[in-house]
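Biologist: I'm new to this one and would like to learn how to read it. Could you walk me through it, feature by feature?

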Amino acid sequence: MSEQDRVRWDAVYTDRESDDVPALPRVFVGHADWFPVTGSALEVACGSGLGAVWLAQRGLQVWGTDVSAVAIRQARQLAAHHGVAERCRFEVADLDEGLPAGPAVDVVLCHRFRDPQLYPALATRLRPGGLLAVCVLSEVGAQPGRFRAAPRELEVAFAGLETLAAYEGAGEAWLVARAPVTGRR
């Protein structure tokens, strides 16, 4: 990511009113029970940490990454404020360089960040039976654009996972899917 983009995202988080209520992104709220209460999670492009802290409150060990140092600072403060700092690790990461190396996890959460080159890494980061929840801007119901997914992009990219729920429309696409469990019949 260019330094200009990094500075822009820092400015976005500096100017944003901080919401201190951890929450699962609204598109996944109807499927909250599918998220485990133990294990580990990775939130990609975690922003100020609302989703990551929600996962930590649920009982998971969470690693959140974002390109904005301002957002990461806010995420750390949010985790401390809600008493889950020991379950959260937040780091600045430039996803243009790929998904940071790390262990397999039980949950991968990615909300409003799209990089089709990372899709395979997101899927392979899941443990067997792990849950993927991804939401991106979409061309479906909106004008095409550089940051918008083509129709069926998520479905095709994550065809190796079991789709539990999906939606495309009104300029948004999301998918909740589970990694195959090896040796399962």
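Modeller: Let's start with burial: a residue is buried under 20% relative accessible area, exposed over 50%, and partly exposed in between, using a 1.4 Å probe and protein chains only. By that rule, Glu 172 is buried, at a relative accessible area of 7%. One caution before we go on: this is a predicted model, so local features need pLDDT of at least 70 and side-chain atom pairs count only at pLDDT 80 or more, while totals for chains, interfaces and linings use all residues. Residues are numbered from 1 along each chain as its sequence is written, and side-chain values use heavy atoms, with hydrogens and water left out.

Biologist: Which residue forms a salt bridge with Glu 172?

Modeller: A salt bridge is a side-chain nitrogen of Lys or Arg within 4 Å of a carboxyl oxygen of Asp or Glu. For Glu 172 the partner is Arg 26, with the closest N and O atoms 3.2 Å apart. Glu 172 lies in strand 7 and Arg 26 in the loop between helix 1 and strand 1 (40–44), so the pair ties together parts that are 146 residues apart in sequence. Helices here are DSSP runs of H or I with at least four residues, strands are runs of E with at least two, and both are numbered from the N terminus. Arg 26 counts as exposed, at 58% relative accessibility.

Biologist: How many salt bridges does a search of the whole structure find?

Modeller: It finds 6. Among them is Glu 91 with Arg 89, whose closest N and O atoms are 2.7 Å apart. Both partners are partly exposed, Glu 91 at 30% and Arg 89 at 43%. Another one joins Arg 152 and Glu 155, at 2.9 Å between the closest N and O atoms. Shared partners also link Arg 26, Arg 112 and Glu 172 into one network.

Biologist: Now the inside. How do I read a nonpolar core?

Modeller: The general idea is that in soluble globular proteins, nonpolar side chains tend to be buried together. A nonpolar core is a set of buried Ala, Val, Leu, Ile, Met, Phe, Trp, Tyr and Cys residues joined through side-chain atoms within 4.5 Å. The largest one here has 29 residues, and those with the most contacts inside it are Phe 28, Phe 35, Leu 55, Val 62, Phe 90 and Trp 174. Elements giving two or more residues to this core include helix 3, strand 3 (88–92) and strand 7 (172–178). Helix 2 gives the most, with 5 residues. There is also a second, separate core of 24 residues, which includes Val 44, Leu 95, Val 136 and Leu 154.

Biologist: What does Trp 174 touch?

Modeller: Contact means heavy atoms within 4.5 Å. Leaving out residues up to four places away in sequence, Trp 174 touches Val 27, Phe 28, His 31, Val 134, Cys 135, Leu 154, Ala 165, Ala 166 and Tyr 167.

Biologist: And which residues of helix 2 are buried?

Modeller: They are Gly 51, Ala 52, Val 53, Trp 54, Leu 55 and Ala 56. These buried residues pack against strand 1, strand 2 (61–66), helix 3, strand 3 and strand 4.

Biologist: How should I read a positive phi?

Modeller: Most residues other than glycine have a negative phi. Arg 152 is not a glycine, yet its phi is positive, about 65°. You'll find Arg 152 in the loop between strand 5 and helix 5 (153–157), and it is partly exposed at 44%. Ala 170 also has a positive phi, near 50°. Ala 170 lies in the loop between strand 6 (162–169) and strand 7 and counts as exposed at 70% relative accessibility.

Biologist: Last one: at what angle do helix 1 and helix 3 pack?

Modeller: Axes are lines fitted to C-alpha atoms, for helices over the stretch in contact, and angles run from 0 to 180 degrees between N-to-C directions. Helix 1 (residues 3–15) and helix 3 (residues 69–81) pack at about 40°, with their axes 7 Å apart. That makes helix 1 oblique to helix 3; angles under 35 degrees count as roughly parallel, over 145 as roughly antiparallel, 65 to 115 as roughly perpendicular and the rest as oblique. Asp 10, Tyr 13 and Thr 14 in helix 1 meet Ala 69, Val 70, Ala 71 and Gln 74 in helix 3.
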